[in-house]
Amino acid sequence: MTNGSEYAIKVDHLWKVFTADKKFNFNASDVERYIADGAVAAVRDVSLRIKQGEVFVIMGLSGSGKSTLIRCLTRLIEPSSGKVMINGKDVIHMDSQELTEFRRTEAAMVFQHYGLLPHRTVLENVSFGLKLRGVEVKIRAKKAREVIEKVGLDGWEQHYPAQLSGGMQQRVGIARALVQDTDLLLMDEPFSGLDPLIRREMQDELIRLQNELHKTIVFVTHDISEAVRLGDRMVVMKNGECVQEGRPQDIILNPVDEYVQKFVQDEQRIALMMENRDKKSKVRVLETHTGEKTDRAKVKLGRG
Ligand SMILES: Nc1ncnc2c1ncn2[C@@H]1O[C@H](COP(=O)(O)OP(=O)(O)OP(=O)(O)O)[C@@H](O)[C@H]1O
Ligand SMILES: [Mg+2]
């Protein structure tokens, strides 16, 4: 669905302060006092624009506020203050019924630890969200089978989660989000529990699906190579703030500070190795999965 705007998500001056104070009334100018009183400012004055159809990666150290930020987008965590517009809708002012409907129909979420229902089969797990929406049994089975096939699990419909490997369970998690047929997919470290080979396979799978489905995807990860492979654009978070935003290849080449530098140094090393292998051109083509769709980014590497 489009709303006449190139942006699927607009976030303005978003704050989340965790505090034990039940009567807490947020005021941005008092943040340091809240913190001195024991509160945690997990998201600090974040503003973002995420375009329709792009894969937007949120990266940062553990505790930097990634999960809090992605959860604030659909108010799984209630923001302290700020504005969130998704598909032209004001998420902050939705009542609980509107919000439930919104999460079911417009913003599906994939969690790190799958969150599958253990006593239900793959088919039942995938179709569960449609059941909640009151979709007729035959239609939901048909839709569920379609997405199960899409994520490569056909033949496994009648198995239970415990009978599947971690990678397969994560495919069920993705199928469960896909079956909702939302334009927006929110993914919080979906592959971080998987071993490196399976993880890469899942990344390829997501790239393949995205080339077919063109969703807007917000993807949280710790891993810069995952960010480079998947992200059209990314943001790096530190202590609740967004310290750098841009295309992965630009951030790798121009980290704003030491913190970002530490994240990107492995990718920088790979880029330099590639350059040394081919000294003549001194140019490495860094590309994201959209490679052919967008201009390939030719990046000149400075040699120290
Ligand atoms: N319910 C909560 N109550 C109090 N503090 C919280 C709560 N949830 C998160 N925090 C704090 O907010 C900060 C950000 O946490 P968050 O889970 O968003 O980090 P993260 O970047 O997702 O980390 P990770 O990579 O480990 O998942 C941390 O300091 C965390 O301790
Ligand atoms: Mg997290």
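**Strands, helices and a ligand shell**

Reader: How many bridges join strand 9 to strand 10?

Author: Happy to start there, with a predicted model in which local features need pLDDT of at least 70, side-chain atom pairs count only at pLDDT 80 or more, and totals for chains, interfaces and linings use all residues. Residues are numbered from 1 along each chain as its sequence is written, while chains are lettered from A and ligands numbered from 1 in the order in which they are written. Strands (E, at least two residues) and helices (H or I, at least four) are DSSP runs numbered from the N terminus, and two strands pair if DSSP finds at least two bridges between them. Strand 9 (residues 233-238) runs antiparallel to strand 10 (residues 241-246), and the number of bridges joining them is 5.

Reader: Thanks! Which residue takes a positive phi in the hairpin of strand 9 and strand 10?

Author: K238 has E241 of strand 10 as its bridge partner. The hairpin has 2 residues between the strands, and the one with a positive phi, near 50°, is N239.

Reader: Which strands stand at the edges of the open sheet?

Author: The sheet has 6 strands in the order 6-7-8-3-9-10, with mixed pairing. Two of its strands have a single partner strand each, so one side of each is left without a neighbour in the sheet: these are strand 6 (107-110) and strand 10.

Reader: Within that sheet, what is the bridge partner of V55 in strand 8?

Author: Strand 3 (residues 55-60) pairs with strand 8 (residues 216-221) in the parallel sense, over 5 bridges. In strand 8, V55 is partnered by I217.

Reader: At what angle do helix 4 and helix 5 pack?

Author: Two packed helices are described by the angle between their axes and the distance between the axes. Axes are lines fitted to C-alpha atoms, for helices over the stretch in contact, and angles run from 0 to 180 degrees between N-to-C directions. For helix 4 (residues 122-132) and helix 5 (residues 137-150), the axes are 9 Å apart and the angle is about 125°.

Reader: Which helix gives the most to the shell around ligand 1?

Author: A residue is near a molecule if its C-beta atom, placed from the backbone, lies within 6 Å of it, and the residues surrounding ligand 1 include F18, G63, K66 and H222. Strand 2 (40-51) and helix 2 (66-73) each supply at least two residues of this shell. With 3 residues, the top contributor is helix 2.
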